[in-house]
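Me: I have a model open and would like to go through some of its side chains. Could we begin with the charged ones?

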Amino acid sequence: MFEGYQFGHIELWSNKGRSGDGPEPHAVRKNGQRKWTAQEILDEAERIASASAHVIQGRPGPQILPRAVASFRDIRKAQEEASQVQEPYIRRAKGRRPVPVKRKLRKDAATLYASVFSLPVLTEEALANPELKREALDVLEQALEWECERISKAGGVVLAGVVHWDEEHLHLHVFAVDPVRGRVDHLHPGRVAKEAVNQSGEKKSKDRGKRANVAYCDAMRAWQDKVYEEVFAGVGLMRFGPGRGRWTRKEYGRAKALQKDIATREARLADLDAWEGAQEVRQAELDAREKALEGSEAEKAQREGEVAEKARAAEAVRADAVALRTALDIGSRAVAYRELDYRQASEEREEGLEFGPGAPRSKKKRERLMHAVRPAYDFVVDLARKAFNIRRRETRLAKAEAQNRKAAMSIADERERAGQVVPKTLAQIINDEPLPLDRDAFPGALFLARSSDPVALQKELDEMPNVSVRRTWVATWQSMKICDERPDLAEDLGRGVAALELAAHQRGYDLESGKHHPEKAEDPKRARLHVDAEPDPIRIIRRNKHRVLTRG
């Protein structure tokens, strides 16, 4: 519940918000400033820098409540399309019969409907209190839904609502258009009432103008009353502020508290009515069920038997689930401690489980263990197979590392005997140290940083023969594929691959086959810089299979 009074306002905007001396919508504002254009209004709603000097810095940006669209770009697009609609009119010329034609809307025709609803809630307090923020958004959602229903009946389309968190009080903007007629004057209740008086057939006069203005004000008061009754009265807000009744601060405080108490009591009564209605429905269901159960004792006994059978089946399912979970826990622990190992399939037996090195020595305990995992036997076999494959892969890796260390030791001994320096990489392999993953680990690859000089790079690529470009490309591409653990290196290598492929494309050089096709070059000048290519593979053209006799 909130304390204070409601605030609602409607404005219509056009593509050309100029000043004028005529009636609405072209009148000058009371402060003498011209009306804003529709796009300037959307700039302010979107918080474009040039239109948001009044906002509080550091607050969250605008929050869109989607309806027909979900972005400011789509809101602008819908307004621009509505302003391009052609409206029908009757062309009358002297000596000719009237002709129905169409013409584009005037630039100062109102094509954007915008209403605003503000709550007596400080945005700073709403942002600091999640519960208050949730309640305020709920009320603004109700106001948006109310506007959607009213505007839809009038023939318009609500595009979206926009909640602003960067001004003093929390408020909602509602934007709507009419994609068929273009103009949105019929969505404004005050303008509809005023137009009805002006189009009544009565001759234009000062009295008619006064009555049109009275109709405008009455329609807007009715709009305020309606939104109050259907939205804001239920959350404790007042219809009028203290100025209407000329209340003192104390009287205004009492009025706010009274309105909040009334709204709270009405909400409780509504909850009570809903509860009583639910109880009546429940009682009717119970009466119908009791009447149905009064059919026959046989049917009752049959239903009780079915219920008991379902209960027994559910209990059996629950027992099976418990046994399966217990078997999985015991089996996974047994596989982890190698009490049970994977037995590979053979001609005599299918795959299964066998006791591992960590199995209990007692025959009785072994039988108990195997019996415990029996409900989840297939799952445990699958788990043991995965563990077996992991151990086998680790064994192969260990053997390969041992062979690499042995080969590295042999190479190091040979280099020492020859008086050569043992590379640091060989020493790391011998001492079983992890090899560093850096640029030095990928000789022949092309690394390109973001800050690389494009002119120097192009010069370096132009100096490389075609075969060198291809070999550098292969080394760079393969290095990029194995740099998953170093995304920074992979990114630089990726740029290197792209640069080499671009250079080959400019020359007409096929990196896959190693062939040079100057006629396909994108840059003929660069195609003439280097004409080398990979040699063709040696092919045996003819093979003589006849034996030749020679003297010994």
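Me: Is Arg391 buried, exposed or partly exposed?
Reply: Arg391 is partly exposed, at a relative accessible area of 23%. Buried means under 20% relative accessible area, exposed means over 50%, and partly exposed lies in between, computed with a 1.4 Å probe on protein chains only. This is a predicted model, in which local features need pLDDT of at least 70 and side-chain atom pairs count only at pLDDT 80 or more, while totals for chains, interfaces and linings use all residues. Residues are numbered from 1 along each chain as its sequence is written, and side-chain values use heavy atoms, with hydrogens and water left out.

Me: Which residue does Arg391 meet in a salt bridge?
Reply: Its partner is Asp341, at 3.5 Å from N to O. A salt bridge here is a side-chain nitrogen of Lys or Arg within 4 Å of a carboxyl oxygen of Asp or Glu. Arg391 belongs to helix α11 (residues 377–417) and Asp341 to strand β8 (residues 340–343), so the pair ties together parts that are 50 residues apart in sequence. Helices (H or I, at least four residues) and strands (E, at least two) are DSSP runs, numbered from the N terminus. Asp341 is buried, with a relative accessible area of 8%.

Me: How many salt bridges does the structure hold?
Reply: It holds 35 salt bridges. One of them joins Arg211 and Asp207, with the closest N and O atoms 3.3 Å apart.

Me: Where do Arg211 and Asp207 lie?
Reply: They are four residues apart in helix α6 (residues 206–232), which means that about one helical turn separates them. An α-helix has 3.6 residues a turn, so residues three or four places apart point the same way. Arg211 is partly exposed at 35% relative accessibility, and Asp207 is partly exposed at 46%.

Me: New topic: how many aromatic pairs are there?
Reply: A search of the whole structure finds four. Rings of Phe, Tyr and Trp (its six-membered ring) pair if their centres lie within 6.5 Å; planes under 30 degrees apart count as stacked, over 60 as edge-to-face and the rest as tilted. The rings of Phe117 and Trp223 have centres 5.8 Å apart and planes at 35 degrees, so this pair is tilted.

Me: Which elements hold Phe117 and Trp223?
Reply: Phe117 lies in strand β5 and Trp223 in helix α6, so the pair ties together parts that are 106 residues apart in sequence. Phe117 is buried at 0% relative accessible area, and Trp223 is buried at 3%.

Me: And how are the planes of Tyr342 and Phe388 arranged: stacked, edge-to-face or tilted?
Reply: The pair of Tyr342 and Phe388 is tilted, with 50 degrees between the planes and 5.5 Å centre to centre. Tyr342 is in strand β8 and Phe388 in helix α11, 46 residues apart. Tyr342 is buried at 11% relative accessibility, as is Phe388 at 19%.

Me: Lastly, helix α1: which of its residues are buried?
Reply: In α1 (residues 38–46), the buried residues are Ala38, Ile41, Leu42, Glu44 and Ala45. They cover an arc of only 155 degrees around the axis, so they are on the same side of α1. That arc is taken from the directions from the helix axis to the C-beta atoms.

Me: What covers them?
Reply: The cover includes β1 (7–14), α2 (72–83), β5 (110–122), β6 (157–164) and β7 (169–177), where contact means heavy atoms within 4.5 Å. Just after α1, Arg47 takes a positive phi of about 70 degrees.
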